[in-house]
Structures are given as C-alpha cells and as structure tokens.
Amino acid sequence: TKRSQRTQYIKQVEKELLALFTQDIKNMTTSQGVLLMRLVDRECGMSAFEIIKEYESGFAANFWQIIAKLFSQDLKARYDPKGKDAKIEELVQIWDDGKWDQFYYSVFWEAPKKTVIKTDRLSSEVKKDTRQKKK
C-alpha cells in the first residue's frame, strides 16, 4: 500500500541519514543543535516539531518537545530571518556567497572543519508494489 511504502521509504532515508551524520550530531553542543533546528526550518519551512509530527507521530513530537523544554528550548519555534535569527541569516548569506572559508579563517585563524559526504544523493528509493491488483 502507499502508506506502507511511505513508511518503509522514510525508515530507509532515516537509516541512511543517520549513517552519514551520526558522528557529527553526537559531538554537537545544545546551542549547535538549536542552530541546526533553525537552519532546517529555514530550508524546509517546517519547525522541528512539525517535522517530527509529520514523519513520526504526534506522540513522538510531544515527547521531544517536553525533552526540549527541559533544556529551555522549543521545537515549535520558527526561523525568523528579520528578528531573532537575523545574525544566523547574515552567516547564511556569507555561506551562499561562497565566502565562508575566508570569514571563518578571519575569526578563528584556522580553516573550518569539513564533513565529508561521499555521495551527492541518497540511495533510498520508493519500492514499487509488485503484486498484481485484482479487478
């Protein structure tokens, strides 16, 4: 069914993304995690809460919202490029203009650490239903 195909595909993508990024995410500080949530919202147009609710469940989204609140965070917070996230937006513009490495070096006097991703596409695919439909 379409629902089971969707669930299977989401699990495949989740497993693949975890394999690619687990090491980097494990080493993040809380503030780096908050920044990641803001950037995901900027790119997807959905808060972390909405993403969890859409792809997992409302129960899971509420559970993680409670955990976030324990750390004084809010998964429902939206990206605000003209308000509280203006400085983040300024940094994103530096990145988009291709000037990130020079900017980083001017601040820290060392080259930025880079995550090497060995592929530009995920290998996950939606599996086609091979069963014949009876009429």
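This report walks through the salt bridges, pockets and nonpolar surface patch of a predicted model.

Let's start with the charged pairs. Side chains of opposite charge can pair when their charged atoms come close. In this model there are seven salt bridges, and a few of them are worth a look in the viewer.

Begin at Arg78. Its side chain meets that of Asp41 in a salt bridge, with N and O 2.8 Å apart. Asp41 sits in helix 2 (residues 30-44), while Arg78 belongs to the loop between helix 4 (58-70) and helix 5 (86-96), so this pair ties together parts that are 37 residues apart in sequence.

Glu50 is partly exposed, with a relative accessible area of 33%. Through these shared partners, Asp41, Glu50 and Arg78 join into one network.

## A pair of sequence neighbours

For another example, turn to Arg42 and Glu43, whose side chains meet in a salt bridge at 2.9 Å from N to O. Arg42 is partly exposed, with a relative accessible area of 26%. Glu43 counts as exposed, because its relative accessibility of 61% is over the 50% cut-off.

## The largest pocket

Now for the empty space. Rolling a probe the size of a water molecule over the atoms shows where empty space is left. The largest pocket found here has a volume of about 2,900 Å³. Its lining is made of 47 residues, and those nearest the centre are Ile25, Met28, Leu36, Met37 and Val40.

Several helices share in this lining: helix 1 (2-26), helix 2, helix 3, helix 4, helix 5 and helix 6 (100-108) each supply at least two residues. Helix 2 gives the most, with 12 residues. If you sort the lining of the largest pocket by class, you get 32 nonpolar, six polar and nine charged residues.

## The second largest pocket

The second largest pocket has a volume of about 220 Å³. You can find it by selecting the residues that line it: Arg3, Arg6, Thr7, Ile10, Lys11, Glu14, Tyr55 and Glu56. Helix 1 provides the largest share of this lining, six residues.

Leu91, Phe103, Val107 and Phe108 make a nonpolar surface patch of about 340 Å². Helix 6 gives the most to this patch, with three residues.

Leu91, for its part, is placed in helix 5. Its relative accessibility is 35%, and Leu91 therefore counts as partly exposed.

Notes
Residues are numbered from 1 along each chain as its sequence is written. This is a predicted model: local features need pLDDT of at least 70, side-chain atom pairs count only at pLDDT 80 or more; totals for chains, interfaces and linings use all residues. Side-chain values use heavy atoms; hydrogens and water are left out. A salt bridge is a side-chain nitrogen of Lys or Arg within 4 Å of a carboxyl oxygen of Asp or Glu. Helices (H or I, at least four residues) and strands (E, at least two) are DSSP runs, numbered from the N terminus. Buried means under 20% relative accessible area, exposed over 50%, partly exposed in between (1.4 Å probe, protein chains only). On a 1 Å grid over the protein atoms alone, a cavity is a set of points where a 1.4 Å probe fits but cannot get out, and a pocket is an open set with protein on both sides within 12 Å along at least five of seven lines; lining residues have an atom within 4 Å of a point. Grid points are joined across faces, edges and corners, and a volume is the space filled by probe spheres set on the points. Ala, Val, Leu, Ile, Met, Phe, Trp, Tyr, Cys and Pro count as nonpolar, Asp, Glu, Lys and Arg as charged, and the others, Gly among them, as polar. Patches are made of residues with over 30% relative accessible area and no salt bridge: like charges are joined within 9 Å, nonpolar side chains (Val, Leu, Ile, Met, Phe, Trp, Tyr) within 5 Å. Accessible areas come from the Shrake-Rupley method with a 1.4 Å probe; for residues, only the protein chains shown count as cover.
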